[in-house]
Amino acid sequence: MMTSPGYTTAEIRQIVQEYQLQPYGRKSAWLAEQGLPAKRVQRWQAAVFDGDLDLGLIPREGSSMTTPPHQRTVIAKELAKQRTKHEAELERLTARVRELEDTNTALGKAIGLLHTMNEQEPDKPAPTTDPPSSSPQRPHSSANSPESSDPNVER
């Protein structure tokens with residue numbers, strides 16, 4: 001069963017919150033501006049504060065048996081404060097996401113430039129020949145020469 005046909009739960013919750021934030025003596029005028037009967041908004045208010053709105057339950061008629069009206073204002077203000085904190089956190093996180101996306105874009109461009117530079121370089125370096133040595137060649141050691149093993153050879 002719906003609390004009120006033609007309104008979503010989010011719309012009802014928003015109307016109740018705006019109603020609660022109206023200063024004393026301004027609520028009747030605000031209801032008239034919105035074109036809403038006071039009885040309907042009171043019923044919605046009870047559903048929101050009693051937790052029955054999401055279930056689609058209609059609060060029973062008669063006296064309030066749960067949250068007293070003066071505490072409802074306190075609860076509504078606390079909810080508004082929490083919403084403000086959530087919105088600030090959302091803004092901070094959105095800015096961080098943008099920053100990370102910009103960093104990601106910059107890194108992508110840098111990687112693309114590195115790939116472009118790699119494609120322009122030759123695949124393998126050309127073989128180089130060592131220049132001839134300018135120092136004279138030394139004779140080999142006699143210990144390893146075949147002559148040193150012959151006993152007939154004079155030294």
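**Entry 1: a salt bridge at Arg 26**

I began with Arg 26 and Glu 33, whose side chains meet in a salt bridge at 2.8 Å, N to O; the term stands for a side-chain nitrogen of Lys or Arg within 4 Å of a carboxyl oxygen of Asp or Glu. I then looked up how open the two partners are, and found Arg 26 partly exposed with a relative accessible area of 31%, whereas Glu 33 is exposed at 52%. For these words I keep to the cut-offs that buried means under 20% relative accessible area, exposed over 50%, and partly exposed in between, with a 1.4 Å probe and protein chains only.

I note for all entries that this is a predicted model, in which local features need pLDDT of at least 70 and side-chain atom pairs count only at pLDDT 80 or more, while totals for chains, interfaces and linings use all residues. Residues are numbered from 1 along each chain as its sequence is written, and side-chain values use heavy atoms, with hydrogens and water left out.

**Entry 2: the other salt bridges**

How many salt bridges does the structure hold? I find 3, and another of them joins the side chains of Arg 92 and Glu 89 at 2.8 Å, N to O. Both residues lie in helix α4, residues 69–120, and are 3 residues apart, about one turn of the helix. Arg 92 is partly exposed at 48%, and Glu 89 is partly exposed at 36%.

I also looked up Glu 99 and Arg 96, whose side chains meet in a salt bridge at 3.1 Å, N to O. Glu 99 and Arg 96 both lie in α4 and are 3 residues apart, about one turn of the helix. Glu 99 counts as partly exposed at 43%, and Arg 96 is partly exposed at 39%.

**Entry 3: the chain as a whole**

I counted the elements next: the chain has 4 helices and 0 strands, and from the N terminus on they run α-α-α-α. Here helices (H or I, at least four residues) and strands (E, at least two) are DSSP runs, numbered from the N terminus. Of the 155 residues in the chain, buried residues make up 17%.

**Entry 4: aromatic pairs**

The structure holds 2 aromatic pairs; rings of Phe, Tyr and Trp (its six-membered ring) pair if their centres lie within 6.5 Å, and planes under 30 degrees apart count as stacked, over 60 as edge-to-face and the rest as tilted. Why is the pair of Tyr 7 and Trp 44 edge-to-face? The ring centres are 4.9 Å apart and the planes stand at 65°, so the pair falls in that class. Tyr 7 lies in the segment before α1 (9–21) and Trp 44 in helix α3 (residues 38–50), so the pair ties together parts that are 37 residues apart in sequence. Tyr 7 is partly exposed at 27%, but Trp 44 counts as buried at 0%.

Tyr 19 and Trp 30 form a tilted aromatic pair, with 6.2 Å centre to centre and 50° between the planes. This pair links distant parts of the chain, as Tyr 19 is in helix α1 and Trp 30 is in helix α2 (residues 27–34), 11 residues apart. Both count as buried, Tyr 19 at 11% and Trp 30 at 5%. I also found Lys 27 over the face of Tyr 19, at 5.0 Å from the ring centre; a charge sits over a ring if NZ of Lys or CZ of Arg is within 6 Å of the ring centre and within 35 degrees of the ring normal.

Which residues have the most contacts inside the largest nonpolar core? The core has 14 residues, and the ones with the most contacts inside it are Ile 12, Val 16, Leu 31, Leu 36, Val 41 and Trp 44. I take a nonpolar core to be a set of buried Ala, Val, Leu, Ile, Met, Phe, Trp, Tyr and Cys residues joined through side-chain atoms within 4.5 Å. The elements that give two or more residues to this core are α1, α2 and α3, and its largest share, 5 residues, comes from α3. The buried residues of α3 include Val 41, Trp 44 and Phe 49.

**Entry 5: Gln 22**

Last I looked up Gln 22, which has its place in the loop between α1 and α2. Is Gln 22 buried or exposed? Gln 22 is buried, with a relative accessible area of 17%.
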